[in-house]
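Hi,

Here is the structure I promised to pass on. Have a look at it first, then read my notes below.

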Amino acid sequence: MLKEFKEFLMRGNIVELAVAVIIGGAFKAIIDSLVNDIISPIIAMVANTGDIAAVSFRLGSAQIGIGAFIAAIINFVIVGAVLFLIIKGMNKASELAKRNQAEEAAAAPAAPTAEDYLKEIRDLLANK
């Protein structure tokens, strides 16, 4: 059972998934920093508050704080845009690779078949 568990963990899919989660966490930290340290202060300045989390409005007797929600929406849009661009680039690279493989296959001369070899042997024997 321990051997099977080790094989399960060492399969390529699990390792790739672990790497993706780690890179995703690092990417999230970058996006959070972009939003919290660059975009949020600009929005807070426009809203004339010290902090985007302080951006709110009154609706009757309720105080609606929308600053954190706005920051979450900005995070989502940025992550979505970056992932879209990454996937689009990967698809383009994959398409180019497939096209190059097809061109190389078309340009490569056909390998001799067994029948070609037998014909050569026949011709050599006939010439002797």
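Before the notes, one term: two strands count as paired if DSSP finds at least two bridges between them. Helices (H or I, at least four residues) and strands (E, at least two) are DSSP runs, numbered from the N terminus. Keep in mind that this is a predicted model, where local features need pLDDT of at least 70, side-chain atom pairs count only at pLDDT 80 or more, and totals for chains, interfaces and linings use all residues. Residues are numbered from 1 along each chain as its sequence is written, and side-chain values use heavy atoms, with hydrogens and water left out.

Let's start with the strands. Ser56 sits opposite Gly65 in β2, and Arg58 faces Gln63 in β2. Strand β1 covers residues 56–59 and strand β2 covers residues 62–65; they run antiparallel and pair over 4 bridges. Together β1 and β2 make a hairpin with 2 residues between them, and Gly60 in the turn has a positive phi of about 70 degrees.

Next, the inside. "Buried" means under 20% relative accessible area, "exposed" means over 50%, and "partly exposed" is in between (1.4 Å probe, protein chains only). A nonpolar core is a set of buried Ala, Val, Leu, Ile, Met, Phe, Trp, Tyr and Cys residues joined through side-chain atoms within 4.5 Å. Which residues make up the largest nonpolar core? There are 5 of them: Ile31, Val35, Ala71, Ile74 and Ile78. Helices α2 (12–46) and α3 each give at least two residues to this core, and the largest share, 3 residues, comes from α3. In soluble globular proteins, nonpolar side chains tend to be buried together.

Leaving aside residues up to four places away in sequence, Ile78 touches Ile31, Leu34, Val35 and Ile39. Is Asn75 buried or exposed? Asn75 counts as buried because its relative accessibility is 19%.

Now for the charged pairs. A salt bridge here is a side-chain nitrogen of Lys or Arg within 4 Å of a carboxyl oxygen of Asp or Glu, and by this rule the count comes to 3.

- Asp32 and Lys28 meet at 2.6 Å, N to O; both are in helix α2, 4 residues apart, about one turn of the helix. Lys28 is partly exposed, at 48% relative accessible area.
- Arg99 and Glu95 meet at 3.0 Å, N to O; both are in helix α3, 4 residues apart, again about one turn of the helix. Arg99 is partly exposed at 40%, and Glu95 is partly exposed at 43%.
- Arg122 pairs with Asp123, the closest N and O atoms being 3.3 Å apart. Asp123 is partly exposed at 38%.

Finally, the outside. Leu2, Phe5, Phe8, Leu9 and Met10 form a nonpolar surface patch with about 540 Å² of accessible area together. Patches are made of residues with over 30% relative accessible area and no salt bridge, with like charges joined within 9 Å and nonpolar side chains (Val, Leu, Ile, Met, Phe, Trp, Tyr) within 5 Å. The areas come from the Shrake-Rupley method with a 1.4 Å probe, and for residues only the protein chains shown count as cover. Met10 is part of helix α1 (residues 2–10) and counts as exposed because its relative accessibility is 61%.

Cheers

Methods. Contact = heavy atoms within 4.5 Å.
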